[in-house]
Amino acid sequence: MTKITVKVNGKEYTSEVEGRTLLVHFLRDQLGLTGTHIGCDTSQCGACVVVMNGDSVKSCTVLAVQANGAEIKTVEGLAEDGKLHPLQEGFWERHGLQCGFCTPGMLMSAYDLLQKNPNPSEEEIRHGLEGNLCRCTGYENIVRAVQYAAAKMRNEEPAPIGAKEQVVESVGS
Amino acid sequence: MIPSAFEYYAANSVDEALKLLAEHGDEAKILAGGHSLLPAMKLRLAAPTVLIDINPIAELRSINVGDKVTIGAMTTYASLLNSAELKAALPVIAEAVDQIGDPQVRNRGTIGGALAHADPAADLPAVILALGGTLTAQGPEGTREISIDDFFVDMLTTSLEPNELLTTITLPKMGAGEGASYVKMVQPASGYAIVGAAAWVKLNADGTVAAARVAITGAGPKPTRLEEVENALVGGASSEEAVTAASEAVSDELELLGDIHASEDYRRAMVKVYTRRAILKAIKAAS
Amino acid sequence: MSVAPTKMFGAAIKRREDPQLITGQGNYLDDIKLPGMVHAAVLRSPYGHAKILKIDTSRAQAAPGVVAVFTGADMMDINPLPCAWTAASGRVQNNINTPRALAVDVVRFVGDPVALVLAEDRYTARDALELIDVEYEPLDVVVDGRKAVEPGAPQLHENAPNNIVFEWDCGDKAKTDAAFAAAEVAVKEEIINQRLLPTPMETRGSIARYEPSTQEFTVWMTSQAPHVMRLLLTAFVFGIPESKLRCISPHVGGGFGQKIFCYNDMAFTMWAARKIGRPVKFVEDRSENFKYSTHGRDHITVAEICGTRDGKITGLRADTIANLGAYISTIAPGIPTTLYGRILSGVYKIPAAYCRVRGVYTNTAMVDAYRGAGRPEASYLIERMIDRFAAEIGMDPAEVRRKNFIQPEDFPYDNGLGLLPYDSGNYEPALDKALATIGYKDFRKEQEEARKQGRYLGVGISSYVEICGVAPSAWIGLPGEGWGAGLWESANVRVHLTGQVVVTTGSLPHGQGLETTFAQLVADELGVPYENVLVEHSDTAGTPFGYGTYGSRSAAVGGTAIHKSVTKIKEKAKKLAAHMLEANPDDMVYEDGKVYVKGSPDRSKTLAEIALQASVAYSLPEGMEPFLDETTYYDPPNCTFPFGTHIAIVEVDIETGRVDLLRYVAVDDCGPQINPLIVQGQIHGGITQGVAQALYEQAVYDENGQLLSGTLMDYAVPTAAQVPHYELDHTVTPSPVNPMGVKGAGEAGTIGSAQAVMNAIIDALSPFGVKHMQMPATPERVWRAIHSSNNHN
């Protein structure tokens, strides 16, 4: 067992871990931060993405011991002072989630993307989210959600969604 | 999802890593970015009893652009991608790195890890082969240089000794009249190459090919130079016709592999196509 | 059919489910930790088919931290899992073999569970699997459905000669044979609908707790149908009173059909929790999910279509082998029969059609419903064959479709395949809208120009119809269809004394946003603020029995049950308001959350006032029970039949075979949309799964039964960079089946999409004489199609 100290969402934790303990298991099982999910065993799905020392990582492919001394941000730390992060707002406004299982990882990857590229094109968003699988949304609304957040973070008004989608259908015909 | 138990050691210097390697011998595996090793361990396809983590070794994370380009083995893909200096000296590195995995893989994965692991479908090995890199390895007896041409021995096997650590990768800068490129057909699930081709060319003033190095990855058991193609190119024109003809020179003896994503036959055909595309792109960059 | 436009029904409001899920406060199965809980790990067969000669668990039992190790022999006091849908029409053979909690004596596919380890933590449980010694005697393996029915094939079950589970047919064979004999043109094609892995992002699992003092179980499960699981596990597997089990679905991370069924881990966690007196948790790894949890599709069909040279289809014939895997999953036989054969003629008026289906056993994981379930297979087949026929007679595929569409005046339409009549439809406007959006005529010119420059573009059309809200029970339950139960849905609506409305429903969301849409429809109908409507679900304690959420049934069946309860609440509210206002009950009007006397809007009572009166109950009309509380068990008179047209444009790199999906237009008609934002989300996701089938995904077994696409490294669920932007539009044709006119949207995207992409690829390759190609259209497959064609130079 190795003693590690990790700062997660601004709070410092000291804990004993086995060498093989995966960071994702440390966060979920030892710290009780179950917002970070596990969706695969080969580092493809990205449900476990967290931000470590400013970069997004797949916490299923980092050992907890390797996070010793690191600063980690998980989905639980995204909202500050009870105010949703623009990305969270964007995912809500643009229906960027359905079952919600991929969402925490998707949010953290998008967070990393927007830190490094505040004004991404649609293609850059899609490329930037290549490490995250979503089985529900077909990514269409995730792209819109990230565009919404990017605009908000640049203090711009998010573009409205397409005219057809905005129509409130009058029922019956 | 859960690896077998192992002893974990963090090495803070190359010397410390070498000492640990000497101590634990064959039982030990070096942990670099971990994006090949840890998934294999989670599936229990690999079960080393000792892991020596070289991530803490700061001296192995560096990009130096002088007469040559020297890159520390633990430099991450993301660092390679984001270095303006490197992009100016060797734009093909960023071109290739941007096609590797995904942002999280690029944040953790390292150039040294990609080479030392010798995954037959990794992208950078082909690029380093085409660029004619020199690798520096450090062992108990000191350092030695290994030409990239002598590095890849077989699938997942390199000429590194078990007690050696890959420390730096040295690459020539792109000179006048030179160009390089990397193109790949991507395996849609893993992001690895079904066929990846890297080319470096040097053109004469008259547009003929003065020198060329062409390498492929993904198609066979190890990343490989295509010397027949290089020989067919050199001295010839840099026209599309000439390049197409040269690309056809891929040897029928070249050992290739098939899997559920692409058969051996198809890979053989695609080696020619992607080789041609890489060379043409390299020529375009050169002119 | 007309419903007044209202403020919430039809509003694209954001979901009330989201605040929890975007902040990491969701509560999925693996997030649940119970005091004293042990972790389960399963040892699985590495062989496709083998006898188990010996299992030695002693080393594992002795390992520190291991609580217990069990094998199939230990669990013989519980029954095998039940099969609830036996495809009981046609030439039936009664040879259903379902799995046990753990395999006994024989393993029949790679992943078949052999032993169960319980340990203090998940790492120890996993390690202990390697300490179990099993001796196997390997047997011959068959993984291909066609080979399984050949003479001499390895036999999986004694009671299933030639590995045949059932032989089933529908339609008029003699009439169809005659149509083919008389036809001017007939084409035949082998159509393979490849095996897929449903891949919800959350894998499956169960947590069971047992309370010895009351002999009661509580099971948390990743289930789309907890009430059904409660019934199956108690009445069929354990033989205990239904009241002794409470099933709870917490947040469920996607289902896509895979989470409808009764699985072995539900049984073994319950069995083990009772045995050791501690709660037991089992959660699959992704590779276990791929190996063990149900797969989808896997049809091999010889399809034939015939018609006249001027484009009239006169006959359709199909002979399908449906690979159902090594055992029969909960509703597996119903998928390639009722939900496939009966809708095979799609949106077309085909005078003679016949379909034969053989369900077969192979040494592979079980196959059951996966998004669309039978309908994508049917829709793919007919839409591919329509294009094949159009190419044969040299007619534009859009025109062939138009020429054969069932017309608006034909509804209700009986397709002659034993289905209830299609409820409503108007197929041409959807086609026209899609053609206009994609710019079909201009595209044909662009395509011609591009070909001159060596670029190969193609356009593919898919006009689909599907079946949602499968019902009524009198049809699906008895006799002939074989689903062993009804398919109604329940809803209870209560107005509490504060005016707050609580809805409990047997439907449950796992991504569909039902809390939002159900609250929208209740808010409108009752005229109360949306915020005042609470929707409760997913727990057998506190919700009425319901069949669950799948088959795009929740709006049309579950939503209607709620609608009907609300109507009853309004009727009671009117009676009580009349009493309160000393007015004639017949003169009362319910509007905007108030009841007033006709002609005197000032003489009114709000719903809150009425609810208070109903609750305190000191003055009620003669014979009226206290409380505004109404329950409905709604059994629809028919299914609903959404439809639409999808069009894809692709470019094929003929040198490599690589396909680029350039544009995708979808015009869907699911009737009136309760929440267009949510409907669009369903369509986007649905399309992506169909596109993925066309381009990327396939479950591949080798001849020894090893699943080669066993992880996400080899099974290509597409990323954001691998799918295009989708252009959506819709038409609205209400269903006459239910008062809201809603049809269902959960599966339409998947049902309409794969063939649009495949038709586009084959259109792009038409200069090479390519007529058909199997899915997925991997670069190699496309490249081979080009190279094996006659026109390649």
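At roughly what angle do the axes of helix α15 and helix α16 of chain C cross? In this predicted model, the axes of helix α15 (residues 554–581) and helix α16 (residues 607–616) of chain C come within 10 Å and cross at roughly 85 degrees. Because angles of 65 to 115 degrees count as roughly perpendicular, α15(C) is roughly perpendicular to α16(C). Four residues can be named on the α15(C) side, namely C:A573, C:L576, C:A577 and C:M580. They meet C:L607, C:E609, C:I610, C:Q613 and C:A614 of α16(C). By class, this contact of α15(C) with α16(C) has 7 nonpolar, 1 polar and 1 charged residues.

**The contact of chain C with chain A**

Chain C also touches chain A, with 67 residues of chain C in contact with 56 residues of chain A. About 5,500 Å² is buried between chain C and chain A, and carbon and sulfur atoms give 56% of that area. On the chain C side, C:I22, C:Y123 and C:M201 lose the most area to chain A; together they account for 15% of what that side buries.

The polar part of this contact can be described by its pairs. Between chain C and chain A there are 29 residue pairs in polar contact, with both residues at pLDDT 80 or more. Several elements of chain C each supply at least two residues of the side that touches chain A: α1 (18–22), α3 (122–129), α8 (286–292), α17 (676–695) and β26 (727–730). The largest share of that side comes from α17(C), with 10 residues. By class, the side of chain C that touches chain A has 32 nonpolar, 21 polar and 14 charged residues.

Salt bridges also link these two chains, and their count between chain C and chain A is 6. One of them joins A:R28 to C:D31, whose closest N and O atoms are 2.8 Å apart.

**The contact of chain A with chain B**

Chain A is in contact with chain B as well, through 32 residues from chain A and 28 residues from chain B. The area buried between chain A and chain B is about 2,200 Å², with 59% of it given by carbon and sulfur atoms. The count of residue pairs in polar contact between chain A and chain B is 9, both residues being at pLDDT 80 or more. On the side of chain A that touches chain B, two or more residues come from each of α1 (23–30), β3 (49–52), β4 (55–58), α3 (103–116) and α4 (122–128) of chain A. Of these, β4(A) gives the most, with 4 residues. That side of chain A has 11 nonpolar, 13 polar and 8 charged residues by class.

Between chain A and chain B the count is 1 salt bridge. The side chains that meet in a salt bridge here are those of A:K58 and B:D102, at 2.7 Å from N to O.

**Salt bridges in the whole structure**

Over all chains, a search of the whole structure finds 73 salt bridges. A further example lies within chain C, where C:R388 and C:E189 form a salt bridge with their closest N and O atoms 2.5 Å apart. This pair links distant parts of the chain: C:R388 is in helix α9 (residues 375–393) and C:E189 is in strand β8 (residues 185–196), 199 residues apart. The table lists the named salt bridges.

| Residue | Partner | N to O distance |
|---|---|---|
| A:K58 | B:D102 | 2.7 Å |
| A:R28 | C:D31 | 2.8 Å |
| C:R388 | C:E189 | 2.5 Å |

**Backbone features**

Most residues other than glycine have a negative phi, and most peptide bonds are trans. Against this background, where does C:P412 lie? The place of C:P412 is the loop between α10 (397–404) and α11 (427–438) of chain C. The peptide bond from C:F411 to C:P412 is cis, with omega near -5 degrees. A cis peptide bond also joins C:A471 and C:P472, with omega about -5 degrees. The loop that holds C:P472 runs between β16 (456–465) and α13 (473–476) of chain C.

In chain A, A:N9 is not a glycine, although its phi is positive, at about 50 degrees. A:N9 lies in the loop between β1 (2–8) and β2 (11–17) of chain A.

Terms used:
Residues numbered from 1 in each chain as written. Chains lettered and ligands numbered in written order. Predicted model: local features only at pLDDT ≥ 70, side-chain atom pairs only at ≥ 80, totals over all residues. Heavy atoms only, no water. Contact = heavy atoms within 4.5 Å. Buried area = accessible area lost by both parts, 1.4 Å probe. Salt bridge = Lys/Arg side-chain N within 4 Å of Asp/Glu carboxyl O. Polar contact = N/O pair within 3.5 Å; in protein donor to acceptor, adjacent residues only side chain to side chain. Nonpolar A, V, L, I, M, F, W, Y, C, P; charged D, E, K, R; others polar. Axes fitted to C-alpha atoms, helices over the stretch in contact; angles between N-to-C directions. Parallel < 35°, antiparallel > 145°, perpendicular 65-115°, else oblique.
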